[in-house]
Amino acid sequence: MAVSDTTTAPMNHRRPSNARSILALTGPAYLWLVVTVLLPLAAMFYFSFLSDVPLAARDWHATLANYAAFFQQDFYRTLMWRSLRLGFEVALWCFVIGFPCAYVLAKTIKGRWREALFLMVIIPFWSNALIRVFSWTMVLRGNGILERFLDWLIPGFGSLDLMFTYAAVVIGLVHSYLPYMILTCYISLSTIDDDLIDAARSMGASRLTVLRRIILPLSMPGIVAGAVLIFVPVIGSFMEPRILGGREGTFLGTVIEDQFTAVFNWPLGAALSFILLACVMIIFAIFQPILRRAS
Amino acid sequence: MASVTVSHVNKAFGDFQALSDVSIEFSDGGFYALLGPSGSGKTTLLRQIAGFSFPDSGEILIGGEAVESLPVEKRNIGMMFQNYALFPNMSVFDNVAFGLMVRNTPKREIEARVGEALELVRLSGYDDRKPHQLSGGQRQRVALARAIVFRPRVLLLDEPLSALDKALRLGMQVELKRIQREVGITTIFVTHDQEEALTLSDKVGVLKDGKLLQEGTPRELYERPATAFAATFLGDANLFDGSADDGELALADGARLRTLEPLARTGPVTCAVRPEKIAIVAADAAISSDSNVLEAELEEIIFAGNSLNYLLRRGDVSLRVFAQNRAAADLQPGQRVRLAWRAADTIPVEA
């Protein structure tokens, strides 16, 4: 047997079975992806060129009107800018709040305390998103928890009603997506050798210079990954804007949701979704050189 | 350039006393080795001098100026780290220029001085390389150039050669010594490698358990160790335990050894003898009157190329003797041999 193994005939026998086992192992995953992602996406892409939902009772034909609507009506472009701005601002606030937290977790705190603090970062992931958002309504509304707390802290503070404002949407989204930024920054910060920081200080660098020249550049992959992970879902988000923003919470995501659930204009909703997707891709294409350098 | 004075420095980490009452004078332009096993406090001492942590009590002076409460970035020291700690996101040029850049040196001067520093470490033309494109020895040179380019008052080296393989290490020892001499900077380096300490430095301090046991030139330390620890940590040593009797060392089995100077004290005494100072002599050989003679049983011969390493036993004491290859006699394990060495090579040490 050992001898025949070295000849070519048995080898040729084994090759097809090798291919078969590769197919058997990877097949289910690809099939799953095709059925659950690509097919619906393709169907949506098809819908986006129709004049109406393709049901038996309806009269429909192929058209570019859904895409044209976006370019003809200022309303959609304003919404696109609002959504992009929201995505940018949420990612920025997540960085401003999350990076120092990740730094402390990675560089200052060791052992059990780190685990405990990590748990506190992860907990938002465990709770239901809807409950999380509704609990914010109780904090942010007039005479709510935040107002009473500030009034207790600073007597005569007055009233503060953040509910149904742009700020409320940002607060809710930052809360939801902050863990992504903390975790990605933590990972890239913890790979920075402490000796690098010591070395920079030994050469006379102030803490600010160390941050600017060593820590930020070396943790850029984590910052960029976190920003992308936050930016993409936030510009399409509809739940937080709807519940916390009210009338102020109209973004492209909520309009798209409306097309599917309220107005029943799937073709327009699909067309707007693909325009949003195209926008994200264009942005990434523009920032590609920076992203590549960062990682 | 400046001298460094450490006086009565104490440092504890919780219950662990890392440094206790350490005082050392590092003279201007000298090359000083802090030698000790791991946990001896040598790295802690270096970090106090650098300013990464501060002593609980005691004084540290650099060039006569008290610095024990100044943080590292204000002390103007150059430091080279064990793993070199080059900035992976910067080129060789930017790494070396970093210390000048933070000092707001004009651009043209930075270029000139980085060029000089790279020339000094023989890495001219490597400006644009990234650290990951360099070999271990080249990274070490960049780290050294980076540490001295801004003309610090003191150069601190943490286990500078331990990450290199042996052939490179020997080359870098020579380089390091040449560069230190050319620059003339006060240099303090930490090592656990006794050979490195002896060959590189002009003064060595031996640390153990947070205390400075002994300091002196490499020769002094090697020839006249003050403690049994210093004798065995710096090179090899045979230790003879006995008691002082009439100025001589009386061993438990009745043999008597004369020492460097007649023993002034009484009671138990330990003496150290370097293995290469002992000769295995023929039974009928004439022995000079100032020599000690002992008999021992040869247990094993280890061939080490240029030398032979004899392991011997006398009672329950094991002994070692090193001999040059050319002088080696034809001996067999199990044989009883005569050992002889000069009384002056028998050094009383603290146990």
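What follows is a short exchange on strands, helices and domains in a predicted model.

Colleague: In what order do the strands of the open sheet of six strands in chain B run?
Modeller: The model is predicted, so local features need pLDDT of at least 70. The pairing in this sheet is mixed. Its strand order is S6-S7-S8-S3-S9-S10.

Colleague: Which strands of chain B stand at the edges of this sheet?
Modeller: An edge strand here has a single partner strand, so one side of it is left without a neighbour in the sheet.

Colleague: Within chain B, how many bridges join S3 to S8, and which residue is the bridge partner of B:Leu34?
Modeller: Strand S3 covers residues 31–35 of chain B, and strand S8 covers 186–191. The two run parallel and are joined by five bridges. For B:Leu34, the partner in S8(B) is B:Val190.

Colleague: Are helices H2 and H4 of chain B roughly parallel or roughly antiparallel?
Modeller: H2 spans residues 92–101 and H4 spans 136–148 of chain B. Their axes come within 7 Å and cross at roughly 30°. Angles under 35 degrees count as roughly parallel. H2(B) and H4(B) are therefore roughly parallel.

Colleague: Is the crossing of H2(B) and H4(B) left-handed or right-handed?
Modeller: The crossing angle of these helices in chain B is roughly 30°. The hand of the crossing is right-handed.

Colleague: What classes of residue make up the contact of H2(B) with H4(B)?
Modeller: From H2(B) come B:Val92, B:Asn95, B:Val96, B:Phe98 and B:Gly99. They meet B:Val142, B:Ala145 and B:Arg146 in H4(B). By class, the contact has five nonpolar, two polar and one charged residues.

Colleague: Which residue in S20(B) stands opposite B:Ala272?
Modeller: Strand S14 of chain B, residues 267–273, is joined to S11, residues 238–245, by seven antiparallel bridges. In that pair, B:Gly242 stands opposite B:Val269. S14(B) is also joined to S20, residues 347–349 of chain B, by three bridges, again antiparallel. There, the residue opposite B:Ala272 is B:Ile347.

Colleague: What distance separates the centres of domain 1 and domain 2 of chain A?
Modeller: Chain A is divided into domain 1 at 2–47 and domain 2 at 69–294. Their centres are taken over C-alpha atoms. The separation is 39 Å.

Key
Residues numbered from 1 in each chain as written. Chains lettered and ligands numbered in written order. Predicted model: local features only at pLDDT ≥ 70, side-chain atom pairs only at ≥ 80, totals over all residues. Pairing = 2+ DSSP bridges. Helix = DSSP H or I, 4+ residues; strand = E, 2+ residues; numbered from the N terminus. Axes fitted to C-alpha atoms, helices over the stretch in contact; angles between N-to-C directions. Parallel < 35°, antiparallel > 145°, perpendicular 65-115°, else oblique. Left-handed = near helix turned anticlockwise from the far one by under 90°. Contact = placed C-beta atoms within 7 Å. Nonpolar A, V, L, I, M, F, W, Y, C, P; charged D, E, K, R; others polar. Domains from an automatic or database assignment.
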